[in-house]
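Here's a quick tour of ring contacts. Have the structure open while you read.

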Amino acid sequence: MKRYVYIDDDESSHDIYCDNRISNRKYTVLNFLPKNLWEQFSRFMNQYFLLIACLQLWPLITPVNPASTWGPLIFIFAVSASKEAWDDYNRYLSDKKANEKEVWVVKKSVKKLIQAQDIHVGNIVWLRENDEVPSDLVLIGTSDPQGVCYVETAALDGETDLKTRVIPSACMGIDVELLHKIKGVIECPSPDKDIRRFDANMRLFPPFIDNDICPLTIKNTILQSCYLRNTEWACGVAVYTGNETKMGMSRGIPEPKLTAMDAMIDKLTGAIFIFQIVVVLVLGVAGNVWKDTEAKQQWYVLYPHEGPWYELLVIPLRFELLCSIMIPISIKVSLDLVKSLYAKFIDWDHQMIDLETSIPSNATNTAISEDLGQVEYILTDKTGTLTENKMIFRRCCISGNFYGNENGDALKDVELLNAVSSGSSDVIRFLTVMAICNTVIPTPSKTGDILYKAQSQDEDALVHAAARLHMVYFNKSGNILGIKFNSSILQYEVLETLEFTSERKRMSVVVKDCQNGKILLLSKGADEAILPYARTGQQTRHFIEAVEQYAHLGLRTLCLAWRELKRDEYREWSLMFKEASSTLVDREWRVADVCQRVEHDLDILGVTAIEDRLQDGVPETIETLRKAGINFWMLTGDKQNTAIQIALSCNFISPEPKGQLLSIDGKTQDDVCRSLERVLRTMRITTSEPKDVAFVVDGWALEIALNHYRKAFTELAVLARTAICCRVTPSQKAQLVQILKSCDYRTLAIGDGGNDVRMIQQADIGVGISGREGLQAARAADYSIGKFRFLKRLILVHGRYSYNRTAFLSQYSFYKSLLICFIQIFFSFISGVSGTSLFNSVSLMAYNVFYTSVPVLVSVLDKDLSEKTVMQHPQILFYCQAGRLLNPSTFAGWFGRSLFHAIVVFVISIHAYAYDKSEMEEVSMVALSGCIWLQAFVVTMETNSFTILQHMAIWGNLAAFYAINWIFSALPSSGMYTIMFRLCRQPSYWIAIFLMVAAGMGPILGIKYFRYTYRPSKINTLQQAERLGGPILSLGTIEPQQRSIEKDVSTLSITQPKNRNPVYEPLLSDSPNATRRSFGAGTPFDFFQSQSRLTHSTSYTRNCKDN
Amino acid sequence: MASSSAAGAGSTDPTAARRNTKRPKYSKFTQQELPACKPILTPRAVISAFLLVSVVFVPIGVAALIASRKVVEIVYRYESKCIPSNVTDRVAYIQSSADKTCRISLDVTKHMKSPIYVYYQLDNFYQNHRRYVKSRSDEQLRDRSEEGSTSACKPEDTANGKPIVPCGLIAWSLFNDTYSFFRGNKNLTVNKKGISWKSDREHKFGKDVFPKNFQNSSIRGGASLNESIPLSEQEDLIVWMRTAALPTFRKLYGKIEVDLNEGDTINVTLQNNYNTYSFSGRKKLVLSTTSWLGGKNDFLGIAYLTVGGLCFFLALAFTIVYFVKPRQLGDPSYLSWNRNPGGH
C-alpha cells in the first residue's frame, strides 16, 4: 500500500486521509458509560459481584438489604470509572491544546494561520525555531542555505541530542518565495510506526526543473512532536497527519501485566468460589429436605402445600447470597489502594534518587510491586546499565604500536604525543578517521569551545580524543568538514555517508580531500566487520592481538580503516548507491549490499579502545542479588570478550576455580547442536556441585539454537544460573525473556536504550535506567531508576515488603470474609436451614467495607525485618521467590483459622446468650463484636512492627466499631435501637467477648510461639537476632566496602596486561582446531570453544580440570 | 502511561519536565521510617501472657459459676403431662375447643428471693426461620397511619380483604398458654407489667395502634388480642415479637414479686392452648431467680475455668520445654543458606 501525496492540493486528500486531529482518548462522552462498564465487567470478580447484586434484588431470596452489596459495588465501580474518566479528561485537554495550537500553513499558495487540527495531507507547514512539529512532514525548505535543520526528537525516542535533517536534493536551492507555489507528488508507504525508516520518493512538477524522482529517507523528514532547534525556520509537506503519524501509530496501550501474586489470588478466589458452590449445593439440598419434612409440620411458618416450580431454587439461591461474602468485595479496593501506595513509596524513596541528576525513581506501573519480590531471573543489558555509558578513549594501536598500555591513558602517552607532533603519516590518517568518520555535528559555543552533538557515545569519545591529539574537528557547513590540525586547516567534502546498522556493524564515509581532490573511503567498525576486508597482504595480526587484549580489559574496540577510491570507481558506485537508496522495497538490505561493494581492500589503520566504566556499586548489587537467589543473564550487543570481562569485573561470573564458563558457538546448525549438547551435559553434571557454571553464546549461535534446538536451549536456560549472550539483537533479547517466562520464571529485564525496549515490555517486570541513551527504555518500563545499584533496594526492600504485605492483606481479606460467612452457615443449621442471616444488613456491609478493611490497610507499614537486615541477608528473599507466604498451604492455614474462630464465636455466642437472652439482635451483635475483637487481635498478632499509625488503626477501629453501633442504637428507627447500650451494660457481654478473644487467640499464640521458637523460619531467626541484638548483626557484614571493590577493579585493569604473556593466541572462533583456550596466567576461568573434543562426556570434567 | 500520553499530545517538553522534577518530600512516613515498636515472642512474654490469662480467667470462672449456681430454677415440662392420657391424636385435641385446663404442682427446693421470673420455654420452635422472622411490619406496629403497609407480612398480611394489625406470622403465632399460680390456696400474683423492653413499648409499638382484624383469617394461629388495648400495652405480644435466635428459647411471662420459701408447693393452673404437638416441640414452665450474670447458665463459668486451666497448662508446658530444651533465639547457626536455589 502506498499513498500519493500531492503537494498543496488538499482537495484530493481531504476525503482519503484523516485530518490532523490528535486523539488519545479512549472514550467519548456518549460511550463512556457503556464502554467503561463493559471493560469493568470483563473481569470475573466483577461479573460475580454483579450477579450477586442482581440476585439480591429478588426479595424472596435476599437475606439482607440489597444495599449491602449494591453500595460497595457501585462505590468500587464509581472509583475505577472516575479514575478512568479523569485520565481520559486529561488526555482530552492535552489533545485539545495540541489540536488548537496555531500554525502557519500554505493552502492554495496562500500562507495563513490555522489550527493544527486543520492541517491536511499535502499542506505545506511552516515552522519557526523551537516550534513543535504538528504532523509528519517531508522537508522542502529551511532557513539554512545548505538545506539543513536540527530537530530534537526527545519526545519521540527520548534521545536528547540534536539530529540533523536535510531537505531532499530536488528541493535544494528553491527560492523562499517559490516554496509557496511548489507542486509535486510524494510517493510514500502507508503509515507505520517505524520512526527510523521512511522509504519514499518525491517528484516535483514543472516549472521546478528537477523532474527526476528523488529518494527520501527519514533524514528528509521531521516527525510529529519533535522540536525545531537552531534553525530559523523550516517548511515541509504534511504526509501523515493526526493519529496516522509515526508517533500516533506507535502509541498503543501496553498489555496490562498481571503479577504472580494476582494470579495466585485469582486461583484462590476460584477455589473459594468452588467451595462456595459446594456449600450452597449442600445447604440448598439440606434446606429443601428440611422444608419438605420438618417445615411442613411447623405450622407457624405456614408453608403453602404447593409452590411454583422455582421454589426448589429459592433456598439454594438464598444460600448463594448468604455465602456471597466469602469472596470479599473489598479485596479489590484494598489491593488497588495498597498497590498504589507501594508505588508511591518507590517514588518517594530518597535512597533511590540519582544524586547526579536528582531524578527520583519512578514506578510507572503501580500494579506489579509484589512481582519485584518474586524475581528469579534478571536479564540485564550491559552498556549503560551495568556501565556508566560514559565513553572515554583509553588506548589505541596504530600500525602495530600500542599506545596507552603503560599508564592506561593513550592521551597522556608520550610516545603517541611524539608521534603526533612528528607527523607520522599513519598516525595522522588514524586521527583523521577518528575525527571525521562519524555523524557528529560540531557547534561553536559562546565561550569559544566546540560542542559536539553526537548520536553515539563512541563517536563522541573518538572526536574528543582526536581533538585532544590536536586534530580538531571544528566546523561542518553543509557537506564541507573543517579540521584544524596543529595550525593548518584541512577541509573535506562528504560525498556519501554509509550509515551504521547493527547488521553491518560498521559505518563509513566517502570524502573528498579538498586539498588534493583525492576521494577517500573512511571506515570504522567492529573488528569482525573490518578486519576480514583488509587489503590482501596486510598483516592483521597486530590488530587482532590488540582487539583481544583490549577486550580482555573490558574495553570497547573499534577498528579504523581507509582506502583511496579511484574517481571512476566512485562514480560508478555512487550511481548504484543512489539507486539503492531510492528503492522503496528492502531499502536497508539493498543499501547494505551496495555498501559492501566499496568497503573492501581496506587499509587497516589501527584499533581504538574505549573504556566504559562500571557504574558505582554494580558488583555489590549483583553479588547481593545473586545471594538472594536471583539468576543473572547478560544480554548485550557487545562482543564476547568485552562482555566476559565486564561480567568478571562485576561479579557476574566467578573466576576459576569457583566458576566455569562454557561456550556455545558454531557457524552451522551441526556445530551449534554439538556445542549445545556438550554444554548441556556439563551443566547436568555440575548442577550438584557448588560451582558457578555459566554459559556464553553469541547472537549467531543463539539464532540457530532458538530456531532449531529450542527445547535443548530451554533446558539449558533452566539449568544455568548465569548466562552471557553477546551480539544479540533486540528481538533476540525479547525471545530470551519469552523462553524464561515460558518456564514459569519471573523475569525482570533491565536496560537503558531503545534496543532494550522490547525485552523490557516482554518481561514480567521491565526496569529502565534513565540514562544517557535517552528515556526510551525508561518510558516503556514499569519502573525507572537512575542507577543499576538501586535495583538492589528496589527488589530487596520494596519488592519484598510489597510481597509480604500483599500476602498478608489478601489472605486476611479472605479470612475475615470466611469468618463471618462460616458463622452464617453455622447459624443456618439452627435456623431450620432456611437461609436466615444472623447479621443485619448494616453490620454486614460495615463489616466488610469498614470495620475489617481499615486496620489491615495500615499493614502497608509493616516491616518484618529491617531494611538493613534484609540487605545483609539477601537470601531471605527466597521466601518471596518461592511464594512461601501466599500459597495454597498458607491459605489453608488462614482458612482453618477462620473456621476455628467462627466456631469459637458461634459456640460462645449461642451458649452465653441462650434461653431467656437468646434475642436475635443481641446474639447477632455479640457474635459481630466477637468477630471484630478477634480480627483486631489477629492483625495485632500478624503485625511485626507497630508504628503509631498501626496502633491508631487497630484500636481506633475497635473504638469506632462501638461508636458507630452506639449511634445506630440511638436511632429509634433502626433495627438495632438500644441494643448496643443494653449489651454494653451487661457483664455477660464483656465476659463473653473476653472469652472469645482468649479462646480464639490462645491456641494461635501457642502455635505461633512454638513455631517461632522451636521451628523458626529464617525470617523468624533474623527477627529474633535483629531485635535481641544478638551476634548475627556482626556476623553478617556481607556488604563489603564499596571503595575496596572499585580499587580491585581498577588494579585488575592496570596490572593484568603486565603479568600476561605478551603473545596471544589468535582468537578466531571459527578456527576448527582451536581447542580450549586459557586466558593466560591469572586469567580466571575456563573457556571452551572446541567442537572436536569432549565427545565422550565421561572424560569431560576431568579434562577441564587437567587443563 | 502518563508520560506517553503527554508526549503524544506534545503539550509539554518532557525533558524539561523531567529535569524539573522536584525531589520528593522527605518525611518519616514516605521513607517508611516511622518509629516502630517490634515486639517478638520471647518465652518470657508468651509464658507470662498465658499465666496472666489463667490468673484472670480462673477467678472470673469461679465467680461466674458461683453466680450461676446461686440461681434457683424450677423447670417443669408440661406439654405431654397436660394431655389427657386417653387422647391419641394430640394435634386434634389441641386444635379442638375442649377445655384444656391442666393443673400441676411445683416444689420449691430452695429459698427463692423475689423477684422470681416466670418464663415459658419452647424447644424445637424456629422463631429464627427465615420465612417467619421476616414476616412482620415494624412500620405498622409503630404508626397508626401505616396500617396498610403489610407487604412484608405475607402470608398473614390481610384477612377478608382488610389488613391485619398486627400482621405477619410472628404476631399470628402468638403464644397463648396461660398460667395462674397458687401457694396453698392463696393466689400468687404474677406481675405482667414491665416484662417487655421499655424501648420497645415506647418506640416500636404505637400507643395509638390497636389490634384489628386479628386472628380472623381461615387458619387460626395463636392468641387473640384485646382490640381495645393499644399494642404498646400488649406486653405478651411485645415479648413474643422479640424473636429468639435459637430454636430453644425462654420468654418472660411475668414476675412473682414475693419470696418463695424452701418446701413451698406451688400449684399452677395452666391453659394448655398452644400447639407444639404437630412438630413435637416441648413446652416448659420455668421459675427462676437471677444473678449479676443473668439466669442459670453454667456455660460461661465452665468455659472460663477451662480456658484458664488450659492457659495455665500451656504456660507450664512452655516453661518446662523452655528449661528442658533451651533454645537461643536468633541463633545464627540456624541460618544456613545452603538451600538449593533451583529446587522450588
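Buried here means under 20% relative accessible area, exposed over 50%, and partly exposed in between (1.4 Å probe, protein chains only). Phe273(A), at 24% relative accessibility, is therefore partly exposed, while Tyr48(A), at 4%, is buried.

A word on the ground rules. This is a predicted model, so local features need pLDDT of at least 70 and side-chain atom pairs count only at pLDDT 80 or more, whereas totals for chains, interfaces and linings use all residues. Residues are numbered from 1 along each chain as its sequence is written, chains are lettered from A and ligands numbered from 1 in the order written, and side-chain values use heavy atoms, leaving out hydrogens and water.

Rings of Phe, Tyr and Trp (its six-membered ring) pair if their centres lie within 6.5 Å; planes under 30 degrees apart are stacked, over 60 edge-to-face, the rest tilted. That rule gives 66 aromatic pairs over all chains. One of them is edge-to-face: Tyr48(A) with Phe273(A), 5.6 Å centre to centre and 90° between the planes.

Over in chain B, Phe175(B) and Tyr274(B) have ring centres 4.9 Å apart and planes at 55°, so they count as tilted. Both Phe175(B) and Tyr274(B) are buried. Ring pairs also link them into a cluster whose members include Trp299(A), Tyr300(A) and Trp240(B).

Then there are charges over rings (NZ of Lys or CZ of Arg within 6 Å of the ring centre and within 35 degrees of the ring normal):

| Charged residue | Ring | Distance to ring centre |
|---|---|---|
| Lys111(A) | Trp126(A) | 4.1 Å |
| Arg982(A) | Trp197(B) | 3.5 Å |
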